[in-house]
Structure formats: structure tokens, C-alpha cells
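Please look through the structure below before reading on. The paragraphs that follow take its strands, helices and side-chain contacts in turn.

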Amino acid sequence: MFKRILVANRGAVARRIIRACDDLDCPSVAVYSDIDSGLPHVNEASSAERLPGYRPVDTYLNGKELVAAAQRADVDAIHPGYGFLAENADFARAVEVAGLKFIGPSASWLERMGEKTRARQWMQENGFPMHAGSGLILDQAMLLEAAESIGYPVILKPAAGGGGIGMIVADDPEALTAAYATASHISERTFGQSTIFLEKFLGDSRHVEVQLIGDGESLMALYERDCSVQRRHQKLIEESPAPKIARADIDELSRRAVEALAGYDSLGTVETMYSQGRFGFLEMNTRLQVEHGVTEEVTGVDLVGLQIRIASGEKLSSLLLEQPKMDGYAVEARVYAEDPGSMLPCPGHLSVFRVPEMEGVRIEACYREGNTVTPYYDPLLAKVIGKGATRETAIGRTLIALRAMEVNGVKTNAPLLCRILESARFIEANLDTAFVGDLL
């Protein structure tokens, strides 16, 4: 096991990694920007290192400063969490060059799956099912030709992107031309690259993903999550198992994911779109997922602890002697500091922030009462996960916990989440990615 791990992140994921370190009797080192000094993860770690400044580019996205903090703290490994530099191959290499272990996949896997068209090509060549899409779009002529071949509507996506940012749907050539300029600009501004590609837009689709864990020699699928309930192409509610999809179809999807990604060496998630009874590759996230807790609740597997132990040199075959069984159902709702109507961020001071303690409910909170939600980072407040022997029980526990949360000082999307969970359409599992738009 490592002698000490630096947690190169903030909020809920930093707290989760610190908790895993505690369970492994491994000291943890938190990092914090100047405006995050009062966040819970700073005090919960064994020690902490300041990252001067407050902008992401100066702090949690500053690989040079993170490595310097790790060296000051005398750690031998860095866990990037999710977001920020978690899928940055250059950062992973810089960590290794500094003589430290990057707790995540190797840089070659980060590169292979980080650029979306390259990832699509790899998965297709290795037999994974695909929906129609294009390669990199280099000019307007190629754009129009690709869209005509795929068939409208199409969705434009940043090739280096993620998190739903910069995705735009176009129904005809005129809309496509305008969307191309906008999507390219957003991609350049957000990801540092303007490259775009196209996929067939599947309006009636579901978002289903498979959790993987590997050590470079063996690879295992730990079941699926349904993440269809989204806003702005970003997930709001996740659950496992995926309702109303045959288990044999999920098992086949998992088998093909494992075959396509033989040699993968950490936690990872293969995301797909499920439409008209067919799965098609969407992307691979080469990191710990925000919604990992859903899988932990239904399998009993500590994914973060497992990831750390594999990075330290232990083998998957000795950590999981057999395929874990799925036990019950879990539903996660993401609580954001945002207006429940406009769904725009709502920063402010948390004069009241109280989360309930309930049987069958797990809450991963980013803040404590008295903290301030700033406009500089993701406005996630907490993840509320309800578990039960039935899907209805899991939904009910999540709903009750959301209603029991007390938050003053910022608006939250909790009212929207409650509307979703108590709607007949959600309870009946009539899910697709247009769910929220239809509800509103």
C-alpha cells in the first residue's frame, strides 16, 4: 500500500477518496484553493496543501502546482478523482515523471479514449456495437456530407469534450451550419481544441453505462447504470439495475465491453445509447464516475478502495475472487445549487445546510453549513442515494431524503428532482434522455 496519497480534487469526490484512504489505513493529503479552505475535505484529510488562487486553471487544473504540492507533502501517489485532470494524459505522465503513481489508467489508455473519434474507432474495430457517426469534421463541406450520410437529426460533439458541454442538435443543413460555428467555439474555449464530430441524434434513446474494473491483465464488468434522466446532456438521476432491459442483453453488452477493452488497468465506464432495442457506443470515461456510489450500493464493492489497491500493485483476481452478485436496487439524485426552473447555477452562502441520516440512504455532500458555493466550480451540493430491496423502495427513500434536506442561502434543484421521482412516468420506468424536457 502507498505511504501517503494526495487527493487532487475537491468536494464530494475528495471526501470519498479520503474515506477510502482511511479504510486502508493510508494517510491522505487534501489540496484546496484559497476559497475552498473551509470545505469539509480539508479537515478530514490527514494533512492539507494550499493551491494559491481560486480559478480552476490556477489550482485544481494546474498540474505543475499539484505535483509540487505532492512533493512537498512527501506522497507517493496522486488520486485525481473525477473532472479536472482525471483524464489528462499529460498530467498522468507528469505524475509518473515525478516518481509518483497516478491512481488511474495508464496514459496510453487516457489518450486512446480521450479523443472521442479515436475511441469510437477503437471500439468499432474491437467489435463493440455502434450507432452512426463521423470522424473529425475538418470543414463545412465535410460537415454537410457527413450529416447527409448519417441522416438528420444529428448531434454535434466536441471531440475532446465531456460532461455534455458543447453538444448541439441540428435538424437540417441550415441549423447544422450555425451549430458548427457555435460548437467549435465552445469546444475551443472549454477544452482548448475546436475539433467537432457528428453522431446520429436518437431522441427516444436511453443512456446506459457499464462499470469496469481492471488491472492490466484481467478485466471485470460490475453491472450497469441507467443515466437517462438528464438536463443539458448532463446526468441528474442514475440507477442500477437498468429497468426494463433484459438481463441477457445487459450481460452481452458487458461481455463485449470486456472483450473490446482487454488490458485496461483501472476503473472505467463504457457509456452507450440504447435505442430501438440496440446499444451503441457513446464514449468511455477513463476514471472514477460521479455515480460510482450507485454500483457500490448494489454490489457491496468499494470501487475507490479497489482502484487504490490495484494502483498499488495488487491483482484483481486476489481482490475479487468471484463475480459480485447484484443485491437490490439503488437510485441516485444529484442536488445542485441551481434554479429549479432555469436550471442555471445559483451560488451563495449556505446559512443552513443539513442532510438527514436515514436507513437505506447514503448522502455524499460537498459542503457543510456556513460554506459558500462559489461560481468558479461545479455547483453540485450533494448526491443522495437510496437503496432498497425493490426499485420502488429505493425511489421512495431517495425522495424522502431529498425532502428532508434543509438548505438555505441558495436555490436548489431538489423540487425538480422530487417531481421526477414521484412522476408516474419515472415510477413506471418509461425513461429516455428527453424525460426532463417533457416533464417541464
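A residue counts as buried under 20% relative accessible area, as exposed over 50%, and as partly exposed in between, with a 1.4 Å probe and protein chains only. This is a predicted model, in which local features need pLDDT of at least 70 and side-chain atom pairs count only at pLDDT 80 or more, while totals for chains, interfaces and linings use all residues. Residues are numbered from 1 along each chain as its sequence is written, and side-chain values use heavy atoms, with hydrogens and water left out.

Begin with strand E9, residues 206-214. Helices (H or I, at least four residues) and strands (E, at least two) are DSSP runs, numbered from the N terminus. Nine of the nine residues of E9 are buried, so the strand is largely enclosed by the rest of the structure. In a regular strand, side chains alternate between the two faces of the sheet. From E9, Arg206, Val208, Val210, Leu212 and Gly214 point one way, and His207, Glu209, Gln211 and Ile213 point the other way.

Which strands pair with E9? Two strands pair if DSSP finds at least two bridges between them. E9 runs antiparallel to strand E12 (residues 267-275), and eight bridges join them; here Glu209 stands opposite Glu271. E9 also pairs with strand E10 (residues 219-231), again in the antiparallel sense, over six bridges. In this second pairing, Ile213 faces Met220. E9 and E10 form a hairpin with four residues between them, and Gly216 in the turn has a positive phi of about 95°.

Helix H10 (residues 292-299) is mostly covered, with seven of its eight residues buried. Among them are His292, Val294 and Val298. Just after H10 comes Gly300, with a positive phi of about 75°.

Next come the charged side chains. Side chains of opposite charge can pair when their charged atoms come close. A salt bridge is a side-chain nitrogen of Lys or Arg within 4 Å of a carboxyl oxygen of Asp or Glu. By this rule the structure has 40 salt bridges. One of them joins Glu44 and Arg15, whose closest N and O atoms are 2.6 Å apart. Glu44 lies in helix H2 (residues 40-44) and Arg15 in helix H1 (residues 11-23), so the pair ties together parts 29 residues apart in sequence.

Arg120 and Glu199 also meet in a salt bridge, at 3.4 Å from N to O. This pair links helix H6 (residues 116-125), which holds Arg120, to strand E8 (residues 196-200), which holds Glu199; the two are 79 residues apart. Are Arg120 and Glu199 buried or exposed? Both are buried. Another bridge, between Lys315 and Glu217, has an N to O distance of 3.3 Å. Lys315 is partly exposed, at 33% relative accessible area, whereas Glu217 is exposed, at 63%.

The last topic is the aromatic rings. Rings of Phe, Tyr and Trp (its six-membered ring) pair if their centres lie within 6.5 Å; planes under 30 degrees apart count as stacked, over 60 as edge-to-face and the rest as tilted. The count comes to nine aromatic pairs. In one, the rings of Tyr274 and Phe279 have centres 4.5 Å apart and planes at 40°, so the pair is tilted. Tyr274 and Phe279 are both buried. Elsewhere, Tyr60, Phe84 and Tyr377 form one aromatic cluster.
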